Amino acid sequence: MPAESLLNVVLYQPEIPQNTGNIGRTCVAIGAKLWLIRPLGFQLDEKHLRRAGMDYWEKLDWEAVESWADLRSRLPDRQVWCLTKFATRLAWEATFRRGDILLFGSESRGLPESIRTEFASSCIKLPMRTEVRSLNLASTANTIAYEAVRQFGGLPELG
């Protein structure tokens with residue numbers, strides 16, 4: 001693993017292991033670090049990881065922390081991008097930098113209002129029609145992560 005991850009993908013209290021697995025797979029593909037903020041809606045033991053299709057988990061740079069405050073103390077000076085359907089700014093309007101934090105809320109509750117308020121100027125969303133309540137967490141995370149990679153000019157080792 002490189003000393004510096006391309007991005008820091010953070011899942012705030014994720015509930016569905018398959019979503020976390022899909023996001024973890026994307027992190028492996030692009031060289032991002034996956035952070036999980038407890039409590040989690042699933043167990044991280046070998047049996048449960050295998051059942052969720054996370055057979056590449058040993059290749060993933062990941063860490064679980066107890067709280068958002070713990071994570072911020074570990075990455076204090078990083079730009080935080082909050083992905084929320086309540087944002088007024090589209091993801092395409094963000095300028096991503098290497099090492100940024102991409103913060104995603106839980107599947108059923110999203111991000112707490114306190115975090116959305118603290119980072120109001122960096123709340124972004126994907127466009128969607130009003131007929132859709134929300135997008136799948138893994139789909140959203142993958143889209144945003146690859147938009148950041150696109151802005152970086154691709155992955156260095158892939159050209």
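**Figure 1. Burial of W68 and the aromatic pairs.** W68 is buried, with a relative accessible area of 11% (buried means under 20%, exposed over 50% and partly exposed in between, for a 1.4 Å probe and protein chains only). F119 is likewise buried, at a relative accessible area of 12%. The model is predicted: local features require pLDDT of at least 70 and side-chain atom pairs pLDDT 80 or more, while totals for chains, interfaces and linings use all residues. Residues are numbered from 1 along each chain as its sequence is written, and side-chain values use heavy atoms, with hydrogens and water left out. The structure holds 3 aromatic pairs (ring centres of Phe, Tyr or Trp, taking the six-membered ring of Trp, within 6.5 Å; stacked under 30 degrees between planes, edge-to-face over 60, otherwise tilted). One of them joins W57 and W62, whose ring centres lie 5.3 Å apart with planes at 50 degrees, so this pair is tilted. W57 is buried, with a relative accessible area of 6%, whereas W62 is partly exposed at 29%. Another pair, W68 and F119, is edge-to-face, with 6.0 Å from centre to centre and 85 degrees between the planes. The two residues are 51 apart in the chain and the pair links distant parts of it: W68 belongs to helix α3 (residues 68-74), and F119 to the loop between α4 (113-118) and β7 (123-125).

**Figure 2. A lysine over a tryptophan ring.** The charged end of K33 sits over the ring of W35, at 4.1 Å from the ring centre (NZ of Lys or CZ of Arg within 6 Å of the centre and within 35 degrees of the ring normal).

**Figure 3. Strand β4 and its two neighbours.** Strand β4 (residues 80-83) is covered on both faces: V80 and C82 on one side, and W81 and L83 on the other, are all buried. Strands β4 and β6 (residues 101-104) run parallel and are joined by 4 bridges; in this pairing W81 stands opposite L102 of β6. Strand β7 also runs parallel to β4, through 2 bridges, with L83 opposite I124 of β7.

Figure 4. The protein chain has 5 helices and 7 strands (DSSP runs numbered from the N terminus: H or I of at least four residues for helices, E of at least two for strands). Along the sequence, the pattern is β-α-β-α-β-α-β-β-β-α-β-α. An open sheet of 7 strands, with parallel pairing, has the order β3-β2-β1-β6-β4-β7-β5 (strands pair if DSSP finds at least two bridges between them). Its edge strands, β3 (62-65) and β5 (89-90), each pair on one side only. Strand β1 (residues 8-12) runs parallel to β6 and is joined to it by 4 bridges; N8 has I101 of β6 as its bridge partner. Of the 159 residues of the protein chain, 48% count as buried.

**Figure 5. The largest pocket.** The largest pocket holds about 520 Å³ of space. Its lining comprises 23 residues, of which K85, S106, G110, S134 and L135 are the closest to the centre. By class, 9 lining residues are nonpolar, 9 polar and 5 charged (Ala, Val, Leu, Ile, Met, Phe, Trp, Tyr, Cys and Pro are nonpolar, Asp, Glu, Lys and Arg charged, and the others, Gly among them, polar). A pocket is an open set of points on a 1 Å grid over the protein atoms alone, where a 1.4 Å probe fits, with protein on both sides within 12 Å along at least five of seven lines; lining residues have an atom within 4 Å of a point. Volume is the space filled by probe spheres set on the points, which are joined across faces, edges and corners.
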